[in-house]
Amino acid sequence: MLALLPARARTAVVATVACAAALAGCSGGGGGSTSSATPSPSKASPSTAGPLITIKDFAFHPAALTVAPGTKVTVINKDAATHTVTATAGKAFDTGEVKSGQTVTFEAPARPGAYPYICTIHPTMHGSLTVR
Ligand SMILES: [Cu+2]
């Protein structure tokens, strides 16, 4: 029984090495495994990157978002038009122009409170960021 274990272990090691040597032929589990295994901070998926504001159809989604102080908030513009996420009072935050398809981040204010914001290009667009 015991004598068989080293042989099996060695087989596993050999298989792993062969696998590493021929990366292309070793995907095994189906597409996407390479991208998820490679750390890419600038393209981190929304679920792990923290709070997210999506701009679509000239509206902020979600319209109201609550985050912790100083949280990095990601903004994705899925419209064809350029938008901004700009606090209406005190310049608490301002993404500047976010062009179509662009993703930017801004830092939520350190002080708890309600921070309404607009798009300065289309001031009828309203959103609210709550820090607490
Ligand atoms: Cu806009």
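A nonpolar core is a set of buried Ala, Val, Leu, Ile, Met, Phe, Trp, Tyr and Cys residues joined through side-chain atoms within 4.5 Å. In the predicted model described here, the largest such core has 20 residues. I53, F60, V85, F93, F106 and L129 are the members with the most contacts inside this core. At least two core residues come from each of strand 1 (52–56), strand 3 (64–67), strand 4, strand 6 (103–107), strand 7 and strand 8. In soluble globular proteins, nonpolar side chains tend to be buried together.

The surroundings of F93 were examined with its neighbours within four places in sequence left aside. On this basis F93 is in contact with V85, T86 and A87, with F106, E107 and P109, and with Y115, Y117 and L129. Among these partners, V85, F106 and L129 are also listed with F93 as residues with the most contacts inside the core.

The model also contains a copper ion, whose coordinating atoms are ND1 of H83, SG of C119 and ND1 of H122. The distances run from 1.9 to 2.1 Å. Along the chain, the donors of the copper ion are spaced as H-x35-C-x2-H. H83 is found in the loop between strand 4 (72–77) and strand 5 (86–87), whereas H122 belongs to the loop between strand 7 (113–118) and strand 8 (126–131); the pair therefore ties together parts that are 39 residues apart in sequence. The relative accessible area of H83 is 0%, so this residue is classed as buried, the limit being under 20%.

Three salt bridges are present in the structure. One of them joins the side chains of K72 and E107, with an N to O distance of 3.7 Å. Because K72 lies in strand 4 and E107 in strand 6, this pair ties together parts that are 35 residues apart in sequence. K72 counts as partly exposed at 49% relative accessibility, and E107 likewise counts as partly exposed at 49%.

Another salt bridge links the side chains of K56 and D57, at 4.0 Å from N to O. K56 has a relative accessibility of 37% and counts as partly exposed, while D57, at 57%, counts as exposed. The side chains of E97 and K99 also meet in a salt bridge, with an N to O distance of 3.3 Å. Here E97 is exposed, with a relative accessible area of 52%, and K99 is partly exposed at 45% relative accessibility.

Conventions:
Residues numbered from 1 in each chain as written. Predicted model: local features only at pLDDT ≥ 70, side-chain atom pairs only at ≥ 80, totals over all residues. Heavy atoms only, no water. Donors = N, O, S within 2.8 Å, 3.2 Å for Na, K, Ca; no water. Helix = DSSP H or I, 4+ residues; strand = E, 2+ residues; numbered from the N terminus. Buried < 20%, exposed > 50% of the residue type's maximum accessible area, 1.4 Å probe, protein only. Contact = heavy atoms within 4.5 Å.
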